[in-house]
Amino acid sequence: MNAVCSSRRVWWMAAAGVVVAIGGGALFLREALTPPPTSLPSTPTYSVVEATSEEVHEVCGACHTYPPADSFPRHLWRHEVKRGFDFLRQSRFDIPYPSSESVALYYEKRAPVELPVPEPTYAPGPCPARFETTSWHLPGENKVPAVSNVNIVHLSDAKQPEVLVCDMRGNRVLALKPNDPFNRWRVLGEVSYPAHAEVVDLDGDGIKDILVACLGSFYPTDDKVGSVVWLKGEADGTFTPITLLDGIGRVADVQAADFRKCGKLDLVVAEFGWLKTGEVLYLENRTTDWSRPNFVPRVVDDRHGAIHVPVGDIDGDGNLDFVALISQEHETIVAFLGRGDGTFRKETIWAGPHPAYGSSGIQLVDLNGDKKLDVLYTNGDVLDTSEFLKPYQGVQWLENRGVFPFTHHPLAVMPGAHRAVAADIDGDGDLDVIAVSLLPDRKGRSLDSIILLEQTAPGTFVRHSLEKDSCDHITCAAGDLYGDGRAHLIIGDFVPMKNRPLSGAVRLWKNRGHR
Amino acid sequence: MAWSSIFCPSRWSRRLTLFVIASLAIVTLIAVGIGWDSYHLREGRGRAALGDSEGAVDQLRLCMGIWAGRFDRHLLAAQVARLRQDFEEAEAELDACERLRPQAETLADERLALRAAEGDVEMAKQRAWVLGQTHPSSAAALLNAVAAGYILNGDVPQAYVNAEEALRYVPDHPEAAYHRGHARQLMGKLDGALADYRLAAAGLPRRQDIRLRLAQLLSQLGHPLEAITYLEELRQELPHDPDILLTLARLRLDEAEADEAQRLLQQLLSHHRDHPGALWELATLALRQKQPTEAQGYLRRLIARVPGHLDGHVLLAQLASEAGNPEEAQKLREWIAKLDREVIRVNRLIDRATTLVAGTESPSAEPFTASPAFASLGRDLAVGLTAQGRDEEAMLWLHRALAADPKNAATHRLLADGYQRLGDPGRARWHAKRAQAPVGES
């Protein structure tokens with residue numbers, strides 16, 4: 001019996017052993033075959049020391065002026081340094097350069113954590129003028145507004161001004177008579193992404209024409225899509241588009257003037273381009289037969305990023321000059337002083353302190369009434385970097401005291417300031433300044449979108465806020481639209497995204513006179 | 001016979017006893033096997049639901065395929081294949097599932113997920129909404145497939161919305177974080193994208209695609225050292241991957257380590273002869289090192305590989321002119337003039353198509369982007385972009401074209417060619433098969 005029981009125990013134990021072996025084996029296999037999860041690398045495997053000031057000056061200076069550390073808040077510097085090195089890598093500079101990490105460390109050590117925008121100081125009293133506002137939709141389908149330029153011009157009637165509008169979304173130039181009770185827009189010409197339009201009698205036939213600077217592309221590009229189009233005015237009030245220049249980078253502005261005192265209008269062209277293309281061009285008018293206009297281009301400045309090229313006699317020598325605002329990394333305003341023969345001498349009117357200054361527009365105007373043309377200048381471009389509000393953006397007055405460079409007077413801090421024009425808004429005989437802003441991302445702040453800088457004494461301005469928060473204004477013009485002696489405002493809107501309520505593309509701020 | 005005696009082995013023959021024990025062992029083995037498979041399938045499903053394709057594959061490998069688990073095994077294999085974007089394999093596995101249990105709800109859901117990941121998202125969105133009430137984790141998994149589909153189609157805002165929704169169901173879901181990060185990156189919200197990629201990489205540390213994306217974004221945002229650390233680790237795992245080698249080489253150049261960069265670029269060329277990115281970097285590097293002859297050599301190879309490479313032609317023309325070779329420079333300039341026109345044509349098409357996608361053209365009208373005409377525009381664009389060596393952009397527009405007209409054979413054919421060129425034969429086969437499907441041109 002004992003032997004039998006012992007044998008039984010052995011078998012039970014064997015069976016149990018098999019089960020345990022299988023179970024244990026299974027567990028073992030599971031553990032053995034499951035690979036350990038990969039861990040993420042925790043810290044960089046090597047370190048880099050900060051670049052020296054000399055190294056940073058040298059590497060940045062290869063392309064542009066040295067950007068001071070306080071031009072960006074600390075957290076953005078790495079991205080900026082990376083952009084710089086991307087350019088460097090594609091360039092032909094053979095300078096020895098420090099590592100990008102060492103340059104980033106240099107800036108991170110010196111940059112402020114934030115760049116606070118100071119609260120503006122307003123004039124104690126009320127705004128000296130009252131306004132009545134109207135919003136105009138452009139004809140056609142219900143599109144998101146993308147106006148690039150507005151102008152107050154005399155087209156067919158010397159007494160009745162019209163509002164001239166460049167519509168980037170619709171690829172057209174339009175005009176409206178503000179007295180028209182039905183607000184009927186006339187499409188004057190269809191062109192490729194018009195950036196700027198000026199009225200001029202180019203061929204001298206007594207009929208007003210329109211010169212259009214065409215970007216040729218809605219988006220930034222180095223493609224040679226820019227052109228200068230002449231909308232030739234016909235006797236029946238229509239316009240015939242004639243391309244005077246194409247196959248160049250994006251064109252932002254064109255102006256006509258008789259620089260050679262020969263009775264012919266030559267052209268100056270701001271070919272903005274983008275990163276690789278772009279120049280300032282002079283087009284000499286050699287036309288003898290206007291059925292075949294002949295303009296011969298010549299590069300007068302090979303820097304890209306030209307925005308505006310207004311014409312005037314800057315140095316008072318009787319010869320016409322022009323001024324170019326050259327943005328991008330250059331951020332420079334240059335006077336091209338005419339010698340009366342189609343050649344120019346260059347003088348720097350003013351250079352921005354760093355390549356991220358964001359130049360956006362200029363107007364030549366004698367702001368303080370000293371009979372010399374000054375430069376009214378805005379720097380508020382945020383379409384490149386919109387990550388933060390820039391406290392150095394706003395409206396500047398570059399006073400012409402007869403010497404170069406001009407004397408710089410900051411007039412108002414205004415992030416996103418895109419255009420400023422001078423006009424006598426309060427009717428007191430001196431010029432005031434109107435400025436508008438374009439800020440697609442307001443960072444949740446309530447900011448001025450239209451301001452009036454009232455000139456209270458020659459060269460002294462006080463600030464009034466005309467409108468807040470609607471920072472969709474890319475351009476503006478001021479002039480007497482109704483023959484009442486008052487300066488009324490025309491403001492053009494540019495909405496980059498559709499996720500906003502659609503508003504009129506063009507706004508009229510009708511000046512109702514003194515409060 | 002007393003009952004007790006029945007259980008006494010002494011009454012049994014030795015052979016019978018052995019039989020009983022063997023049976024016991026077999027039953028135990030089967031039970032353990034089933035338990036083993038269930039455990040690993042459950043684990044695998046859990047990992048796949050989080051987007052951990054590699055972890056799910058490990059679990060799948062450990063499954064023994066015991067009959068009772070065959071359906072689940074195929075289903076898991078289909079999920080893994082979908083996550084790896086091997087749609088052909090995923091389809092085959094789902095067909096195997098269908099033969100076993102055609103009515104299974106999980107099979108239907110996985111089919112929806114696969115369709116969504118391929119870009120056909122509508123049904124999956126509706127199902128996710130239903131599942132969201134009772135099975136939030138299943139809804140999140142489906143929404144991830146939807147987000148992946150939207151990314152493929154180039155509808156980035158919708159990808160963002162669906163990934164965000166998945167994260168609402170399962171907070172910190174790594175796959176959802178990855179898709180949201182990808183959408184944010186495409187929308188230019190780079191800091192948010194970086195945070196999402198970090199979250200995804202921490203949750204799915206073995207996903208090489210996520211780590212590569214994280215490294216590339218770190219590089220873009222100017223964190224070279226951290227990016228290099230990730231990329232060096234990835235290089236150990238995938239020593240010949242062109243994206244890893246090229247990104248790493250560019251970073252080394254920025255870190256003033258030209259020799260190491262050059263070595264990496266040569267290594268890249270040794271495995272991917274005439275890789276356009278490597279040739280361009282080597283050409284510009286040679287120029288900076290005052291070696292114009294070498295630069296010309298690389299540029300000639302580059303334009304032979306990509307005849308529409310505008311920058312390559314421009315630089316070569318400049319060098320030919322500087323080297324006193326005006327005839328060659330002139331010939332190149334003539335070709336550049338043609339290329340300029342072609343680049344403008346293609347970029348104009350992009351502007352037009354981008355405006356249509358953004359909906360700024362006519363917000364109130366019927367979306368044009370859902371029409372065969374848009375698909376045709378997308379194909380035109382893709383052909384032009386491919387000729388210029390802009391392969392990734394070309395693929396994006398092809399997927400947009402496919403979303404507008406899903407059964408178009410021509411689009412599938414172009415996608416098949418594109419994936420073949422990009423070294424993804426699985427997806428190339430998948431699209432080639434659809435290009436030959438009887439539906440034909442739509």
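Two strands are taken to pair if DSSP finds at least two bridges between them. Strands (E, at least two residues) and helices (H or I, at least four) are DSSP runs, numbered from the N terminus. The model is predicted: local features need pLDDT of at least 70 and side-chain atom pairs count only at pLDDT 80 or more, while totals for chains, interfaces and linings use all residues. Residues are numbered from 1 along each chain as its sequence is written, and chains are lettered from A and ligands numbered from 1 in the order in which they are written.

**View 1. Strand 11 of chain A, with strands 10 and 12.**
Strand 10 (residues 251-257) and strand 11 of chain A run antiparallel and are joined by six bridges. Within this pairing, Q255(A) has V268(A) of strand 11 as its bridge partner. Strand 11 also pairs with strand 12 (residues 279-285) of chain A, in the antiparallel sense and over five bridges; here V268(A) stands opposite Y282(A). Strand 11 (residues 266-271) is mostly covered, with six of its six residues buried. A residue is buried if 20 or more other C-beta atoms lie within 10 Å of its own, exposed if 12 or fewer, and partly exposed in between, with C-beta atoms placed from the backbone. In a regular strand the side chains alternate between the two faces of the sheet. D266(A), V268(A) and A270(A) point one way from strand 11, L267(A), V269(A) and E271(A) point the other way, and all are buried.

Six bridges link strand 2 to strand 3 (residues 162-167) of chain A in the antiparallel sense. N151(A) stands opposite L164(A) of strand 3.

Strands 21 and 22 of chain A pair in the antiparallel sense over six bridges, and Q396(A) stands opposite P410(A) in strand 22. The loop between strand 21 (394-399) and strand 22 (407-413) holds P405(A). The peptide bond from F404(A) to P405(A) is cis, with omega near -10°.

**View 2. Two residues with positive phi.**
Most residues other than glycine have a negative phi, and most peptide bonds are trans. E331(A) has a phi near 45°, a positive value in a residue other than glycine. E331(A) lies in the loop between strand 16 (321-326) and strand 17 (332-338) of chain A, and counts as buried because it has 23 C-beta neighbours inside 10 Å. A256(B) is not a glycine either, yet has a positive phi of about 60°. The loop between helix 14 (242-254) and helix 15 (258-271) of chain B contains A256(B), which counts as partly exposed because it has 18 C-beta neighbours inside 10 Å.

**View 3. Helix 21 of chain B.**
Chain B has 23 helices and zero strands, and buried residues make up 47% of its 442 residues. Helix 21 (residues 391-404) has 14 residues and reaches 20 Å from its first C-alpha to its last, close to the 20 Å expected at 1.5 Å a residue (the expected span is 1.5 Å times one less than the number of residues). Helix 21 is mostly covered, with 11 of its 14 residues buried, among them W397(B), H399(B) and R400(B). The buried residues pack against helix 8 (136-153), helix 20 (372-387) and helix 22 (409-421) of chain B. Two residues are in contact if their C-beta atoms, placed from the backbone, lie within 7 Å.

**View 4. Helices 8 and 10 of chain B.**
The axes of helix 8 and helix 10 (residues 174-186) of chain B come within 9 Å and cross at roughly 25°. Helix 8 and helix 10 are therefore roughly parallel to each other (under 35 degrees; over 145 is roughly antiparallel, 65 to 115 roughly perpendicular, and the rest oblique). The contact involves A140(B), N144(B), A147(B), A148(B) and I151(B) of helix 8 and E175(B), A176(B), H179(B), H182(B) and A183(B) of helix 10.

Methods
Axes are lines fitted to C-alpha atoms, for helices over the stretch in contact, and angles run from 0 to 180 degrees between N-to-C directions.
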